[in-house]
Amino acid sequence: MSDPPMPHRPAAASAGAVQPLVLCEGLEVRFVGREGIIHAVNSISFTLAAGEVLCILGESGSGKSVTLRAMMRLLPTHIASITGMVSIAGKNVMALDRRALEDLRGAEVAMIFQEPTSAFDPVFTIGAQIIETLKRHDAISDRGARARALELLEMVQIPSPARRLDNYPHELSGGMAQRAMIALALACRPRLLLADEPTTALDATVQIQILQLLRRLQHDLRMAMLFVTHDVGVAVEVSDRIAVMYAGRFVETGHVRNIIHHPQHPYTRGLLASTVQGAMRGRRLEAIPGSPANLAALPPGCAFAPRCPYVEPACTAAPPPEVWYDDTRMVRCIRAAAR
Amino acid sequence: MTADVLLDVRNLKRYFPVRGGLLQRKVATVQAVDDVSFSVRRGETLGIVGESGCGKSTTARLLIQLLAADAGTITFAGQSVGTSGGMDVRELRRQVQMVFQDSYASLNPRCTIEDTIAYGPSVHGVGWEAARHRARDILSRVGLDPAWFAKRYPHELSGGQRQRVNIARALVLEPKLVVLDEPVSALDKSIQAQVLNLLVDLKRNLALTYIFISHDLNVVQYMSDRVLVMYLGKVVEVGPVGSIYSTPRHPYTRALLAAMPSMDPDHRGEQAALTGDPPNPINPPPGCRFHTRCAYAEACCGASEPPLAADAAAGDHRTSCHMLLPGSGHTAAPIVA
């Protein structure tokens with residue numbers, strides 16, 4: 001990396017630049033619970049262009065799923081307080097009324113989950129649920145909706161799709177249910193797909209099929225995707241850019257090649273080093289010591305400092321600044337700032 | 001039997017009935033483990049891989065007699081298990097211990113960590129004070145400070161710490177063989193590496209033998225000396241880890257390895273090796289169970305079941321496939337001389 005690092009993000013919207021599909025600025029999510037205030041998401045900012053795939057990579061409790069749900073305003077309002085700005089396709093999501101929010105969900109933005117059977121209503125057939133979604137958002141006849149539903153099942157490569165339209169969710173195997181959920185999500189040709197660990201519950205031979213299907217559909221439909229996973233291998237398979245998340249913050253962002261081949265943040269390095277690969281056989285794994293940060297009692301400085309091999313006094317004083325190398329590459333570490 | 005074989009399993013079989021209807025009649029059978037044979041040598045780690053429903057966890061439960069086998073024999077350290085004159089189940093369970101995937105469900109929530117670990121030795125005739133002493137000793141060996149952890153309850157511990165407690169409980173009886181059933185699958189990557197390092201250290205320091213069950217091919221390759229691949233209740237391939245991963249011979253093993261995410265953004269997978277889901281283990285296909293998804297299947301594959309056999313070139317590497325079986329009728333099979 002030859003360019004000198006910049007202390008701040010490069011000017012986002014220069015004159016004439018196209019407005020990105022997603023613009024997220026200073027997103028924060030707090031949960032108020034019995035144990036105090038949980039700082040689940042701490043000032044996250046990013047942009048996503050049309051047709052681009054950003055993967056949020058992090059371990060359990062890092063705030064990656066909460067980020068997705070906050071963007072769709074799916075979190076229960078009585079315990080979650082969300083601040084910051086999220087704009088999708090030019091609409092300020094945080095300011096939308098209920099009706100406008102429902103128009104946005106499903107039509108412009110769709111979401112897929114880890115557990116497909118819980119995303120479907122068990123008492124209606126797959127076909128009925130896809131048709132319901134189509135009719136809610138588009139002016140379409142019953143016959144037209146059924147034809148479109150069939151087309152969608154074909155698109156996600158479900159075998160004998162005409163028969164599957166009349167199946168109930170429990171009649172489908174895991175991989176098939178996941179494909180049906182993707183068909184439902186893509187029913188109204190959304191411009192943004194939010195994917196929350198959609199392949200984690202699947203077997204290895206099925207997981208790779210679903211990842212390749214998502215990649216192909218995302219490419220063919222020119223759809224942007226925000227993909228959440230804990231698995232480095234999955235992130236590498238699908239993403240253009242990766243954001244590594246730790247304790248509710250993005251600690252490093254960049255193009256997938258840069259993150260995998262030249263990780264800068266000590267957490268990213270630790271995560272890659274502790275991800276077991278066959279070639280490491282016979283060598284000791286470089287585990288990250290300690291446990292993930294407690295979101296109810298975050299330290300005042302860098303949240304990774306208690307586990308970091310390079311910790312110094314300045315780390316624990318205040319959160320390190322974001323250091324930007326170029327439009328996409330950011331590292332949040334005082335060592336990067338000093339270089 | 002050679003002296004260095006610690007565990008030998010022959011023709012192990014377990015079917016589960018599926019009941020339905022008004023009278024709960026048996027309507028189908030899950031052939032969870034069907035005619036499985038393998039052996040584990042003293043001091044090695046045998047990895048067992050396969051997808052959900054392939055029978056790997058049922059095999060583990062049959063080994064320590066948490067489930068009774070329908071057929072088959074288990075020989076441990078030269079003694080046959082469960083037969084008159086052989087080793088009784090109680091003694092087997094002292095010498096063979098198990099660690100499960102769900103670290104929380106496998107601990108009693110009302111028992112302190114110390115009591116949980118000391119319970120095993122006290123059942124096997126060690127006095128309570130001595131058992132507690134041993135519990136504290138083993139806690140420090142798995143990297144948990146007994147002064148801090150001995151009086152804690154499971155809910156006060158993190159997932160990684162609970163799994164260390166489960167490992168301590170397994171080791172306090174000084175077993176010869178430890179069956180690890182997906183021991184790190186529920187843990188975060190950074191914690192997974194800590195626990196794997198611990199398992200490697202303990203094996204070396206305590207001269208243990210492991211059976212390591214996982215769906216994660218990377219972890220199995222890292223941990224194992226030999227690998228056994230299962231598909232729908234059958235062993236399809238077994239051999240040394242190097243030769244399984246470098247020259248897999250069964251089409252299923254090849255597909256499984258090809259399905260691993262690449263870790264290199266410039267070499268992403270283009271075409272998945274298999275289509276569809278694993279078939280339902282209820283009433284599996286006849287013949288070779290993989291033939292319904294196999295790209296090379298021919299008539300003989302659905303007609304008869306290929307035996308698990310070593311072919312000429314492979315030595316210790318055995319595969320159950322008609323393509324490698326001379327005279328099987330498959331066009332790719334070697335010609336009988």
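Of the 339 residues in chain A, 45% are buried. The model is predicted. Chain A holds 13 helices and twelve strands. Its radius of gyration is 21 Å, close to the 20 Å from the globule rule for 339 residues, so chain A is as compact as a globular protein of that length. Along the principal axes, the C-alpha atoms of chain A fill a box of roughly 65 × 50 × 45 Å. Counting contacts in chain A between residues at least 6 apart in sequence, 64% link residues at least 24 apart.

One residue of chain A can be followed in more detail. A:Ser239 sits in the loop between helix H9 (232-238) and strand S9 (241-246) of chain A. A:Ser239 counts as buried because it has 24 C-beta neighbours inside 10 Å, the cut-off being 20 or more. Leaving out residues up to four places away in sequence, A:Ser239 touches A:Val53, A:Leu54, A:Cys55, A:Phe227 and A:Val256. From A:Ser239 to A:Met94 the separation is 145 residues in sequence and 27 Å in space, C-alpha to C-alpha.

Between the two chains, 38 residues of chain A are in contact with 34 residues of chain B. On the side of chain B that touches chain A, helix H7 (189-206), helix H8 (217-223) and helix H10 (251-258) of chain B each supply at least two residues. H7(B) gives the most, with seven residues. The table sorts that side of chain B by residue class.

| Class, side of chain B that touches chain A | Number |
|---|---|
| Nonpolar | 15 residues |
| Polar | 13 residues |

Terms used:
Residues numbered from 1 in each chain as written. Chains lettered and ligands numbered in written order. Predicted model: local features only at pLDDT ≥ 70, side-chain atom pairs only at ≥ 80, totals over all residues. Helix = DSSP H or I, 4+ residues; strand = E, 2+ residues; numbered from the N terminus. Buried ≥ 20, exposed ≤ 12 C-beta atoms within 10 Å, placed from the backbone. Contact = placed C-beta atoms within 7 Å. Nonpolar A, V, L, I, M, F, W, Y, C, P; charged D, E, K, R; others polar. Rg over C-alpha atoms; globule rule 2.2 N^0.38 Å.
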